[in-house]
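Here is a friendly briefing to read alongside the sequence and the 3D view.

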Amino acid sequence: EILVPVSGEEKGWRALEQALLIAEREGGEVHGIYIAPNATDTDIHALQAEFESRCQRLAIGGILHIHAGGTIAEVIREHGHWNDLMVLRLAHPPGSLPIDRLRSGFSHLIRTSSRPILAVPGEVSTLSRPLLAYDGSRKAREALFVATYMVGCWQLPLTVVAVSDGRRSKVLAEARDYLESQGIQAEFVELQKRNQTVGSHILHT
């Protein structure tokens, strides 16, 4: 079961299209959530019709939940407990400063969510070549488990990237051992740590 917030804006439907693509592969169901305390009945009916139309095109089961109050991040997090995956449009990425990340509702969701989150920053992806950024942390291990499931069930090629400080890193060895124990072959890339962030390295890989 996949949770996806919808806004009614054209760009906002991209997250739903991404969720439907995954649901089609998995034989899953999509749970939309619309958070708008001042929405009129006309707005809600139009949104409901569009949501159902997009689900029916792919013969995917879908339910739209209407929520009238609460902060967006908290409502999504609470509803996320009842789903296996959350697919969110990344409309406002967190800034580069630490204070920006602390204030970001999206960062808050990442830190507190009990379910995996798939961010959709732009166009819908075919999800044909996943990249795993791995540093050995708890969250990275969770991502490793999800990546293992994806590439194993969907028969996809996987690339694992880690950043080291110049010494021989055990991080990639951990990921390699786990993947091999699950019968998964992957490409492993180790980058040297400089004065850049891990995200910068990954974007240039």
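Setting aside neighbours within four places in sequence, Arg 54 is in contact with Glu 10, Trp 13, Leu 16, Glu 17 and Leu 20. Keep in mind that you are looking at a predicted model.

- Arg 54 sits in helix α2.
- Is Arg 54 buried or exposed? Its relative accessibility is 10%, and buried means under 20%, so Arg 54 counts as buried.

**How α1 and α2 pack**
- Two packed helices are described by the angle between their axes and the distance between the axes.
- Here the helices are α1, covering residues 13-26, and α2, covering residues 41-57.
- Their axes come within 10 Å and cross at roughly 30°.
- Angles under 35 degrees count as roughly parallel, and therefore α1 and α2 are described as roughly parallel to each other.
- The crossing of α1 past α2 is right-handed.
- Which residues meet where these helices pack? From α1 come Trp 13, Leu 16, Glu 17 and Leu 20, while α2 brings Leu 47, Glu 50, Phe 51, Arg 54 and Cys 55.

**A three-stranded sheet**
- Now find the open sheet, in which three strands line up in the order β6-β7-β8 with parallel pairing.
- β6 (131-133) and β8 (187-192) are at the edges, and each has a single partner strand, so one side of each is left without a neighbour in the sheet.
- From one strand to the next, the twist averages 25°.
- How many bridges join β7 to β8? There are six, and β7 spans residues 159-164.
- To see one end of a bridge for yourself, look for Ser 164, whose bridge partner in β8 is Gln 192.
- Helix α7, made of residues 171-181, lies across β7 and β8 and runs at about 170° to β8.

**The whole protein**
- Stepping back, the secondary structure consists of eight helices and eight strands.
- The protein has 205 residues, and 37% of them are buried.
- Among contacts with a separation of 6 or more, 74% are between residues 24 or more positions apart.
- The accessible surface is about 12,100 Å², and carbon and sulfur atoms account for 52% of this surface.

Terms used. Residues are numbered from 1 along each chain as its sequence is written. This is a predicted model: local features need pLDDT of at least 70, side-chain atom pairs count only at pLDDT 80 or more; totals for chains, interfaces and linings use all residues. Side-chain values use heavy atoms; hydrogens and water are left out. Two strands pair if DSSP finds at least two bridges between them. Helices (H or I, at least four residues) and strands (E, at least two) are DSSP runs, numbered from the N terminus. Axes are lines fitted to C-alpha atoms, for helices over the stretch in contact, and angles run from 0 to 180 degrees between N-to-C directions. Contact means heavy atoms within 4.5 Å. Buried means under 20% relative accessible area, exposed over 50%, partly exposed in between (1.4 Å probe, protein chains only). Accessible areas come from the Shrake-Rupley method with a 1.4 Å probe; for residues, only the protein chains shown count as cover. Angles under 35 degrees count as roughly parallel, over 145 as roughly antiparallel, 65 to 115 as roughly perpendicular and the rest as oblique. A crossing is left-handed if the near helix is turned anticlockwise from the far one by less than a right angle, and right-handed if clockwise.
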